[in-house]
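Trainee: I would like to go through this model step by step. Please show it, and then I will ask about its parts.

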Amino acid sequence: MKAEILPPLTATLHVKPAGWRTGFRLWLPLFLLWLLLLPLVILVLPFLFVAAVIFRIKLWRALAGAGGLLVALRGTRVEVEKTDTNVSIDLH
């Protein structure tokens, strides 16, 4: 499976409080989150189908758009700087 069609599988959280030389890094396994959310998505899918019929939305296109949004999150970097702490999150 190509990496271009996968959602972010891991995240790295780097926190550096003021006065610290390096801070600390935390690796977060997002693939475990996707595995936990998969049964929930399967349970919600019939309700999404009914809502798509009622509101005349093309379900396949809506799901493809949501999947594209998740895939586009890969490579995102968020940095927050404050006077006492710097936090950055990288999605891989």
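Trainee: Over how many bridges do S3 and S4 pair?

Mentor: This is a predicted model, and S3 and S4 in it pair in the antiparallel sense. One example of a bridge is Val 80, whose partner in S4 is Val 87. The number of bridges over which S3 and S4 pair is five.

Trainee: Which order do the strands have in the open sheet?

Mentor: The sheet is open and has four strands with antiparallel pairing. S2 and S3 are its edge strands, as each pairs on one side only. Neighbouring strands are turned by 10° against each other on average, direction ignored. The order is S2-S1-S4-S3.

Trainee: How many bridges join S1 to S4?

Mentor: S4 covers residues 85-91, and S1 and S4 run antiparallel. Within this pairing, His 14 stands opposite Ser 88 in S4. The number of bridges that join S1 to S4 is seven.

Trainee: Which residue in S2 stands opposite Val 15?

Mentor: S2 covers residues 24-29 and pairs with S1 in the antiparallel sense over six bridges. Ala 11 stands opposite Leu 28 in S2. For Val 15, the residue opposite in S2 is Phe 24.

Trainee: Which residue in the turn of the hairpin has a positive phi?

Mentor: The hairpin is formed by S1 and S2, with six residues between them. The phi in question is about 90°. The residue in the turn with this positive phi is Gly 19.

Trainee: How many residues apart are Arg 77 and Asp 90?

Mentor: The side chains of Arg 77 and Asp 90 meet in a salt bridge. This pair links distant parts of the chain, with Arg 77 in S3 (residues 77-81) and Asp 90 in S4. The separation of Arg 77 and Asp 90 is 13 residues.

Trainee: Is Asp 90 buried or exposed?

Mentor: Arg 77 has a relative accessible area of 49% and is partly exposed. For Asp 90 the relative accessibility is 14%. The limit for buried is under 20%, so Asp 90 counts as buried.

Trainee: What is the angle between the planes of the aromatic pair formed by Trp 20 and Phe 24?

Mentor: The structure holds one aromatic pair. Its rings, those of Trp 20 and Phe 24, lie 6.3 Å apart centre to centre, and the pair is tilted. Trp 20 is partly exposed at 45% relative accessibility, and Phe 24 is partly exposed at 40%. The angle between the planes of the pair is 55°.

Trainee: Which helix supplies the largest share of the nonpolar patch?

Mentor: The patch lies on the surface, has about 1,100 Å² of accessible area together, and includes Leu 33, Leu 37, Trp 60 and Leu 63. Helix H1 (30-55) and helix H2 (59-72) each supply at least two of its residues. Leu 37, found in helix H1, is partly exposed at 33% relative accessibility. The largest share, nine residues, comes from H1.

Trainee: Where is the place of Arg 56?

Mentor: Phi of Arg 56 is near 55°, a positive value in a residue other than glycine. At 78% relative accessibility, this residue counts as exposed. The place of Arg 56 is in the loop between H1 and H2.

Terms used: Residues numbered from 1 in each chain as written. Predicted model: local features only at pLDDT ≥ 70, side-chain atom pairs only at ≥ 80, totals over all residues. Heavy atoms only, no water. Pairing = 2+ DSSP bridges. Buried < 20%, exposed > 50% of the residue type's maximum accessible area, 1.4 Å probe, protein only. Salt bridge = Lys/Arg side-chain N within 4 Å of Asp/Glu carboxyl O. Phe/Tyr/Trp six-rings, centres within 6.5 Å; stacked < 30°, edge-to-face > 60°. Patch = residues over 30% accessible without salt bridge, like charges linked within 9 Å, V, L, I, M, F, W, Y side chains within 5 Å. Areas by Shrake-Rupley, 256 points an atom, 1.4 Å probe, with all protein chains shown as cover. Axes fitted to C-alpha atoms, helices over the stretch in contact; angles between N-to-C directions.
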